[in-house]
Structures are given as structure tokens and as C-alpha cells.
Amino acid sequence: MKNPRLINFEGNCLEILSSSLLAVAPEEGCALLIGDQQQCKGNKHENLLRIQLIWPCCNIWRPDIFNLVESSNELKVNEQSACSKEKRFALDPREQLYAQRWAREHNWWILGSAHSHPKGSAIPSSVDLTWTNAPGLMAIVDRLGTVRVWWIANDQNSQPIEVEYLNHK
């Protein structure tokens, strides 16, 4: 998947995203973004991603998960004790598999993930960027319910790119 020009949240997906992620505050909430891809009218090289479904997930963060990821991603954080569900999230792998299977059955894809920053802004943190495994979307909801969507290339030399979105009801 390549960097989309535009994201379209179909139906009430944007409201579901914001409310489900903020429902678990002060902990970070997390979800998967499921939908499809279409070419933009008039330009074969630009694409539109349509978010058709929000798949809320459980945040299974534990400090020992951090140790595994830290060693595999060479992420260095000075205060591991400060890492909690209020500042970190981890998607349950079983939920990811169920969502992937469900999406395939409906001819959709997992387009990315979403999480909240209940005490911060809706901008990817250095940890968010380090933990990104593949190119894709990352939606972040801040404490006020503001949603910002980013394209993460998963390239150590590139910065996240904010992607414009529409809420098409």
C-alpha cells in the first residue's frame, strides 16, 4: 500500500473511533482501521482509502512486552517504570488475526491502526514510530477527541505524513 491522498471515514466510523478510544481513558485505547482502497477520479496514481469499520481492540500492554519490543527494535527508554497503559498500548495479536480473517471475508483490508493519547496531542510519538512494523495508517485521538491521521512509511529516514480525511455519512 502506498501513501494515500485522502482518507474517507464512512458512516459513523469517525465517531465510533473517537468514542471507543476515549472510553478507556486515562489508559490509551486502540483499534484497527478496516476498509478498502479506490483510485481517485482523474488520477490513476493517487488512491483514496475508505475506512468502513472500526475494530476496537483491548490494550494488552504490560512492561514485559516492552522488554521484548525494546530488544527487537533497539528502542531505548530511560524510565521503564513510567511505561504503563496510560502511555503505551499493545494490540492483542488474537484480535488482529480475527480482524484480518473477518476483513478478508468481506473483501476489505486492515488499513492501519488507531490509538489514543489521553494526555497528549494527536501526533505520533517516537515510540509509536519505532514500533511501526509496516507502512500504513496511524490514526491518533487526543484527549479532546480530535482525530489526526498519519501515513507511516516505516522508513527510518522519513517523517510521518499527515493525511487529509473526510467524514462521509
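Predicted model: local features only at pLDDT ≥ 70, side-chain atom pairs only at ≥ 80, totals over all residues.
Hi everyone, thanks for coming. Let's start with the strands. Strand β4 covers residues 109-117, and β4 pairs with β5 in the parallel sense over 6 bridges.

Now, how many of the residues of β5 are buried? For this strand, residues 136-142, the count is 7 of 7.

On we go to β6. Here β5 and β6 run antiparallel, joined by 6 bridges, and Gly 136 has Ile 152 as its bridge partner in β6. The two strands form a hairpin with 4 residues between them. Have a look at Gly 145 in that turn: its phi is positive, about 90°.

Strand β6, residues 147-152, also pairs with β7 in the antiparallel sense, over 3 bridges. Val 149 finds its bridge partner in β7 at Val 163. And β7, residues 161-168, pairs with β1, residues 6-10, this time in the parallel sense and over 5 bridges. Phe 9 and Asn 167 are bridge partners there.

Let me zoom in on Leu 111, which sits in β4. Is Leu 111 buried or exposed? Its relative accessibility is 3%, so Leu 111 counts as buried. Leaving aside residues up to four places away in sequence, Leu 111 touches several others, including Met 1, Leu 33, Ile 34, Leu 49, Ile 51 and Leu 137. Gly 136, which we met as the partner of Ile 152, is among the contacts of Leu 111 too.

Last stop, helix α3, residues 93-105. Its 13 residues should span 18 Å at 1.5 Å a residue, and the end C-alpha atoms are 19 Å apart, which agrees. Glu 95, Ala 99 and Ala 103 are buried in α3. Those three lie on the same side of the helix, because they cover an arc of only 70° around the axis. The face turned away from the buried side carries exposed residues: Arg 94, Leu 97, Arg 104 and Glu 105.

What caps the N-terminal end of α3? That is Asp 92, with a side-chain oxygen 2.9 Å from the backbone nitrogen of Arg 94. After the helix comes Asn 107, with a positive phi near 60°.

Note on methods. Residues numbered from 1 in each chain as written. Heavy atoms only, no water. Pairing = 2+ DSSP bridges. Buried < 20%, exposed > 50% of the residue type's maximum accessible area, 1.4 Å probe, protein only. Contact = heavy atoms within 4.5 Å. Expected span 1.5 Å × (residues − 1). Arc of directions from axis to C-beta. Polar contact = N/O pair within 3.5 Å; in protein donor to acceptor, adjacent residues only side chain to side chain.
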